[in-house]
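Trainee: Could you take me through one part of this model closely? I would like to look at its salt bridges.

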Amino acid sequence: MSTPLIQRQTSLSANIVAFCRFLRQKGFTIGPREEADALRALSTLGAFDAPEQLQLCLRATLARTYAQLRVFDELYTQYWRELDKAVDSKLKHAKEKRNQSTRKTGTPGLQSIKSWLQGNTSTEETEMATYSTQEVLSRKDFSLLAEEELSEMAAMIHRIARTLALRESRRRKATNKPLQLDLRRTLRQNMRRGGELLELAHFKPARQKKQIVLLCDVSKSMDLYSRFLLQFVYAFQSNYRRIEAFAFSTQLYRVTPALRQRDFKSALEEVALQVSGWSGGTKIGASLHQFFRQYGNRLLNRQTVVIIMSDGWDTGDIAQLENSMRRIQHKAAKVIWLNPLAGSAQYEAKTQGMQAAMPYIDVFAPGHSVESLRQLYHRL
């Protein structure tokens, strides 16, 4: 099973219902109650959970007898393998179907739900193809987007950032006190007993301690990426309290208040007015030095993750860049550098700025697509 099919709730929910139909054809006794149980259990899984946890979840809710348990895994694998083939066969026609579906209902998810209620299964294939196309778009380099893809990309960035921020805000930790059932741990702990739930696990919310500092390069060399990265910062900040955002080119600007505008367009205009060196030269070292001098004592500690979004092209003092990176890493819990150019398989960190910064970066990763931003949760 491929991970992308797990990351969109509308598509996944529709496919779970179709999977129930598939099991009925194989002799399973599954009615509306079992389908509801499966969807209810599905809601406990997060967007970043491992694919095998979905399989465990469905096995626990849909396999009711020992005979069903014996064949469930084989049928599960068969269903998703056939589904992957169906998605691949629809890829070349997906864009036309997406446009038709959008004109009819506004979103492919609504079309799928409406068709399911009417007993029509043909549009499930349309949604799967549409979703697959969106997954292709999520891996596309921001600099290669066509004009007609911009609005869809913007919506995807907002969804990913919001999901990531909420996920980070709602982290949970295990507890022996019966506060709230932790379905995933319960299933894992009881698998050795054949799936029978004899031991229950619980969780409680973990205190939100992590401070995130985002520094986004808006110089000319970042023109093709900075707007998308700022949109990610904007959506993330809207759903996460402990965050400070900065933009830099030849100097640093705190843009946290500007990004609190009601809509992203207004926020972007506010940032552009505030940052006098927008789309100009780049002095990463001077900007990071300014950040450390003005904000280091207040923002940097062992609970702070610093995320720098830049291609590493620096026209300033390289020694100052190295010194600033060393001081930031020393005080922060982790330094993550997202470089849009690193999305290319041929990329090598050959610029002086990037080479100077590398020894003080804990995580170096691409930041060129929605998929690369989606991976940020794991890097945090």
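**The salt-bridge network**

Mentor: Happy to! Glu244, Arg254 and Arg298 are joined in a network of salt bridges. Please keep in mind that this is a predicted model.

Take the pair of Arg298 and Glu244, whose side chains meet in a salt bridge at 4.0 Å, N to O. Arg298 sits in helix 12 (residues 284-299) and Glu244 in strand 5 (residues 243-248), so this pair ties together parts that are 54 residues apart in sequence.

For context, the whole structure holds five salt bridges. Among them is the one between Glu371 and Arg374, with the closest N and O atoms 2.4 Å apart. Both residues belong to helix 15 (residues 370-374), where they are three residues apart, about one turn of the helix. Glu371 counts as buried at 11% relative accessibility, and Arg374 is buried too, with a relative accessible area of 6%.

Another salt bridge brings together the side chains of Glu348 and Lys350, at 3.6 Å, N to O. Here Lys350 is exposed, with a relative accessible area of 60%.

So much for the charged pairs; back at the network, the three members to select in your viewer are Glu244, Arg254 and Arg298.

How values were computed. Residues are numbered from 1 along each chain as its sequence is written. This is a predicted model: local features need pLDDT of at least 70, side-chain atom pairs count only at pLDDT 80 or more; totals for chains, interfaces and linings use all residues. Side-chain values use heavy atoms; hydrogens and water are left out. Helices (H or I, at least four residues) and strands (E, at least two) are DSSP runs, numbered from the N terminus. Buried means under 20% relative accessible area, exposed over 50%, partly exposed in between (1.4 Å probe, protein chains only).
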